[in-house]
Amino acid sequence: MSDIFDFNGAAGSGWSQPEPIIEGANETVPESLRRNNLPKWPRASEPELVRHYTWLSQRNFGIDTGFYPLGSCTMKHNPRINERIVQLPGIDRVHPLQPEHQIQGLLSIFYEMQEMLEICSGMDQVTLQPVAGAQGEFTAIRCIQEYHRSNGDEQRDKVIVPDSAHGTNPASAAMCGYDIIEIPSAEDGRLDLDALRAAVGEDTAAMMITNPSTLGIFEPEIAEAAEVVHAAGGQMYYDGANFNAILGKTDPGRMGFDAVHYNLHKTFSQPNGGGGPGSGPIGVKSHLADYLPSPLVDREEDEGEGTTGDGYRYFWRTPDKSIGKVQQWHGNAGAVVRAWAFYRRYGRELELMSEHAVLNANYLRFRIMNPNPETLAEIPSMPTDGAPAAVVKHEFTLSMQPLKETTGVTGKDVAKRLLDYGYMSPTLYFPMIVPECLMIEPTETESREVLDKFADDFLAILTEDAELVTTAPHNTNVRRVDEVWAARNLILRHPGSE
Ligand SMILES: Cc1ncc(COP(=O)(O)O)c(C=O)c1O
């Protein structure tokens, strides 16, 4: 028994929650919002609580339990030293409203992080405020919008995105009020320059592009694309969520971009997705810097009392034409400090992280695409087939369409069957331009043995009995759910709660 509502140890012993007050409850709460019955809270003692969470953690799958090839969602190994650092009292025990002179050390970390990200991206100013990649996109597009407005370019109401874009790109631009122009990718999955030339005009506010793209392809004509958009008066936005493929090798500034976001949780460690909140700093060229959200960390020369001894005094600064606040307090400070600890530990060697990310993806792709001859008929096709291997970066896509046509086994079936083998499923049915898509991204810290085992197991699934695969998973805590039923009959409350 580990469901928290099944425990009751706290009722008889140990600490128990105070009884909620119904009669005479706070009169300032409007009548319609007051309770007229007691909430059914769990009443667990401490050992029961520990059991509950341990049980929950065992039902979960994470990077700490096994290989996690979830494309577009880079799962990083999170060095435990990061946790030690983020829990130091000067970091863990500060309040966001504390005066600057009491938090000079923390501010210097933020400043160093801003500076490091500026160098890595070729941008002039970074803000650490946004707490997710998608929020970074929204923030940067808002800065671009204000920039156009201040130039009297109100007619620029369109944002161009390729059809291989991450879904958050058009969504962020739409949230800023822009119309989206989607341009089709070329046959080989790369950016189609002719389609871009046909799409730009006086109404172009920006182009948003992920590089390497969601197909894992580095866009070789990216500089030309930037010229086309700039010639039309638009701005270039770099979705840098896939920075883990290029860190230390090249940068968006060099490619001609004006703004970029990073997913710290995908490039600089820090749990990603359901594992924890992230951080999506953005960097911009100087012409956009005045519009950044508030506050940034700045510094001036000072060796006086209360400084860290590095010759500077650090302070919060609001840019002159700031779009305002996008986040309460100062962004996700804990995530920033973990990412800082990661980068300080590796420094220039972080370049190796990108190399290993690209090597692992290319190796796994090679292993899966070059099986022994008797399984050749089952090889999934890839839109990047024929492209030199080096063009694929940190992730790659496989189409299960041929398999579906010959055996009836779909991409989803293969993904579910992988769970039986103890793997997290690859990203499924994204990007949508690849039929029956599986998108695979191996973490850069995985060994060759792990990749080989995964490739063998993956290929074994392709030759398994179709019935076995289409009814998978068989060994997991939760079996295959009826997603259509679940979507139509949403149960959003725990049956034990009220
Ligand atoms: C290419 C790309 N862009 C944007 C995002 C959005 O980032 P977040 O999930 O932090 O909002 C992701 C997320 O994984 C991504 O892969």
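Q: Is Arg-480 buried, partly exposed or exposed in this predicted model?

A: The model is a predicted one. Burial is read by counting the C-beta atoms around a residue: 20 or more within 10 Å make it buried, 12 or fewer make it exposed, and the range in between makes it partly exposed. Arg-480 has 15 other C-beta atoms within 10 Å, so it is partly exposed.

Q: Where does Arg-480 lie, and which residues does Arg-480 touch?

A: Arg-480 is placed in the loop between H18 and H19. Leaving out residues up to four places away in sequence, Arg-480 touches Lys-416, Ala-472 and Pro-473. Lys-416 is 64 residues away from Arg-480 in sequence, while the C-alpha to C-alpha distance of this pair is 7.7 Å.

Q: What kind of peptide bond joins Ala-472 and Pro-473?

A: Most peptide bonds are trans, and most residues other than glycine have a negative phi. The bond between Ala-472 and Pro-473 is cis, with omega about 5°. Pro-473 belongs to the loop between helix H18 (466-470) and helix H19 (483-488).

Q: Which bond joins Phe-430 and Pro-431, and where is Pro-431 found?

A: Phe-430 and Pro-431 are joined by a cis peptide bond, with omega about -5°. Pro-431 is in the loop between strand S11 (427-428) and strand S12 (437-440).

Q: What is the phi of Glu-436, and is Glu-436 buried or exposed?

A: Glu-436 is not a glycine, yet its phi is positive, about 50°. Glu-436 is found in the loop between S11 and S12. Glu-436 has 22 other C-beta atoms within 10 Å and is therefore buried.

Q: What is the phi of Trp-329, and how many C-beta neighbours does Trp-329 have inside 10 Å?

A: Trp-329, a residue other than glycine, has a positive phi near 50°. The loop that holds Trp-329 runs between strand S9 (312-317) and helix H13 (333-346). Trp-329 has 12 C-beta neighbours inside 10 Å, so it counts as exposed.

Q: How is a pair of packed helices described?

A: Two packed helices are described by the angle between their axes and the distance between the axes. In this structure, helix H6 (residues 133-150) and helix H7 (residues 168-175) pack at about 45°, with their axes 9 Å apart. That angle makes H6 oblique to H7. The crossing of H6 past H7 is right-handed.

Q: Which residues of H6 meet which residues of H7?

A: From H6 come Gly-133, Ala-134, Glu-137, Phe-138 and Ile-141; from H7 come Thr-168, Asn-169, Ser-172, Ala-173 and Met-175. Sorted by class, this contact has five nonpolar, four polar and one charged residues.

Q: At what angle do H14 and H17 cross, and what is the handedness of the crossing?

A: The axes of helix H14 (residues 350-369) and helix H17 (residues 448-463) cross at roughly 35° and come within 9 Å. The crossing of H14 and H17 is right-handed. On the H14 side, Asn-360, Tyr-363, Leu-364, Arg-367 and Ile-368 take part, and they meet Leu-451, Asp-452, Phe-454, Ala-455, Phe-458 and Leu-459 in H17. By class, the contact between H14 and H17 has eight nonpolar, one polar and two charged residues.

Q: How many residues lie around the ligand, and which come nearest?

A: There are 15 residues around the ligand, and Ala-132, Gly-133, Ala-134, His-166 and Ala-241 come nearest. The shell has four nonpolar, ten polar and one charged residues. Gly-133 and Ala-134 are also among the H6 residues that meet H7.

Q: Where is Leu-70, and is Leu-70 buried or exposed?

A: Leu-70 sits in the loop between helix H2 (46-58) and helix H3 (80-86). Leu-70 counts as buried because it has 22 C-beta neighbours inside 10 Å. Not counting residues up to four places away in sequence, Leu-70 touches Met-75, Met-424, Pro-426, Thr-427 and Glu-441. Leu-70 and Arg-156, 86 residues apart in sequence, are 36 Å apart in space, C-alpha to C-alpha.

Q: In which strand is Asp-298 found, and which residues is Asp-298 in contact with?

A: Asp-298 is found in strand S8 (residues 296-301). Apart from neighbours within four places in sequence, Asp-298 is in contact with Phe-315 and Arg-317. With 17 C-beta neighbours inside 10 Å, Asp-298 counts as partly exposed.

Methods: Residues are numbered from 1 along each chain as its sequence is written. This is a predicted model: local features need pLDDT of at least 70, side-chain atom pairs count only at pLDDT 80 or more; totals for chains, interfaces and linings use all residues. Helices (H or I, at least four residues) and strands (E, at least two) are DSSP runs, numbered from the N terminus. Two residues are in contact if their C-beta atoms, placed from the backbone, lie within 7 Å. A residue is near a molecule or strand if its C-beta atom, placed from the backbone, lies within 6 Å of it. Ala, Val, Leu, Ile, Met, Phe, Trp, Tyr, Cys and Pro count as nonpolar, Asp, Glu, Lys and Arg as charged, and the others, Gly among them, as polar. Axes are lines fitted to C-alpha atoms, for helices over the stretch in contact, and angles run from 0 to 180 degrees between N-to-C directions. Angles under 35 degrees count as roughly parallel, over 145 as roughly antiparallel, 65 to 115 as roughly perpendicular and the rest as oblique. A crossing is left-handed if the near helix is turned anticlockwise from the far one by less than a right angle, and right-handed if clockwise.
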